[in-house]
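Hi everyone, thanks for making time this morning. I'd like to walk you through one structure, so please have a look at it while I talk.

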Amino acid sequence: MPRPIYLAIFSNGPRPAHWSIFIPTINSTNQQGKIIHVTGTTATGFFLEFKRNYDFSTEDRKYQVVPLADVEERYIADTVGDGKLSRDTTARDRLESVATVVKPPGPSPEPFGKDALNCPHWMVEYVSNLVNEGVVAECALEMLEDAPRRF
């Protein structure tokens, strides 16, 4: 049975928006699940992080959640544990494993320049790898092309 995954776009003020993949936990209200993203800054570089038991109802930032693709259930593992928010870097399913092979952007020589690599750049490469491995349909890349980079 396919499961939907989403692009979660978080406002970052005057800077480019932050992009994450959000995967709702089965039998949740679609507000709880996991986030796959890189976090950091263009000045210091980024690192891969999995946020487990993430809950949008506790989010203070402005955000949008838009459908990205449907993924076969066998590629997704829900790791609820004690139900509390946790962060780690250990892949526990296929979607996370693919994320581990995409190198996060390092520090940019011009961190405030328009060409500085950031999380949306990483996300495009990550989703490209998911497409190449047959995990998501190519239309997911088209969705990223149209996604807001600021809001």
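Let's begin with Asp88 and Arg52, both of which are buried. Their side chains meet in a salt bridge, at 2.7 Å from N to O. This pair links distant parts of the chain: Asp88 sits in strand 6 and Arg52 in strand 4, 36 residues apart. Please keep in mind throughout that this is a predicted model.

Now stay with Asp88 for a moment. With a relative accessibility of 16%, Asp88 falls under the 20% cut-off, so it counts as buried. Asp88 also has a salt bridge with the side chain of Arg92, at 3.4 Å from N to O. Arg92 is partly exposed, with a relative accessible area of 42%. And the story goes on from there, as salt bridges that share partners join Lys34, Arg52, Asp88, Arg92, Asp93 and Glu96 into one network.

Within that list, look at Lys34 and Asp93. Their side chains meet in a salt bridge of 2.4 Å, N to O.

The structure holds one cavity of 30 Å³ or more, and the volume of the largest cavity is about 40 Å³. Which residues line the largest cavity? They are Thr25, Gly33, Lys34, Arg52, Asn53, Asp78, Thr79 and Val80. Strand 3 (32-41) and strand 4 (45-55) are the elements that give two or more residues to this lining. By class, the lining has one nonpolar residue, four polar ones and three charged ones.

Next, the open space. The largest pocket holds about 630 Å³. It is lined by 31 residues, and those closest to its centre are Asn12, Arg15, Pro16, Thr42 and Asn118. Two or more lining residues come from each of strand 2 (18-24), strand 3, strand 4 and helix 2 (119-132). Which element gives the largest share? That is strand 3, with five residues. Sorted by class, the pocket lining has 13 nonpolar, eleven polar and seven charged residues.

Last stop: strand 1, residues 2-10. Strand 1 is mostly covered, with seven of its nine residues buried. How many bridges join strand 1 to strand 5? There are nine, and strand 1 and strand 5 (residues 63-72) run antiparallel. If you'd like a place to look, find Pro4, which stands opposite Asp70 in strand 5. Strand 1 also pairs with strand 2, again in the antiparallel sense, over five bridges. There, Phe10 has His18 in strand 2 as its bridge partner.

Conventions
Residues numbered from 1 in each chain as written. Predicted model: local features only at pLDDT ≥ 70, side-chain atom pairs only at ≥ 80, totals over all residues. Heavy atoms only, no water. 1 Å grid on protein atoms, 1.4 Å probe; cavity = no way out; pocket = protein on both sides within 12 Å on 5 of 7 lines; lining within 4 Å. Points joined across faces, edges and corners; volume = space filled by probe spheres on them. Helix = DSSP H or I, 4+ residues; strand = E, 2+ residues; numbered from the N terminus. Nonpolar A, V, L, I, M, F, W, Y, C, P; charged D, E, K, R; others polar. Salt bridge = Lys/Arg side-chain N within 4 Å of Asp/Glu carboxyl O. Buried < 20%, exposed > 50% of the residue type's maximum accessible area, 1.4 Å probe, protein only. Pairing = 2+ DSSP bridges.
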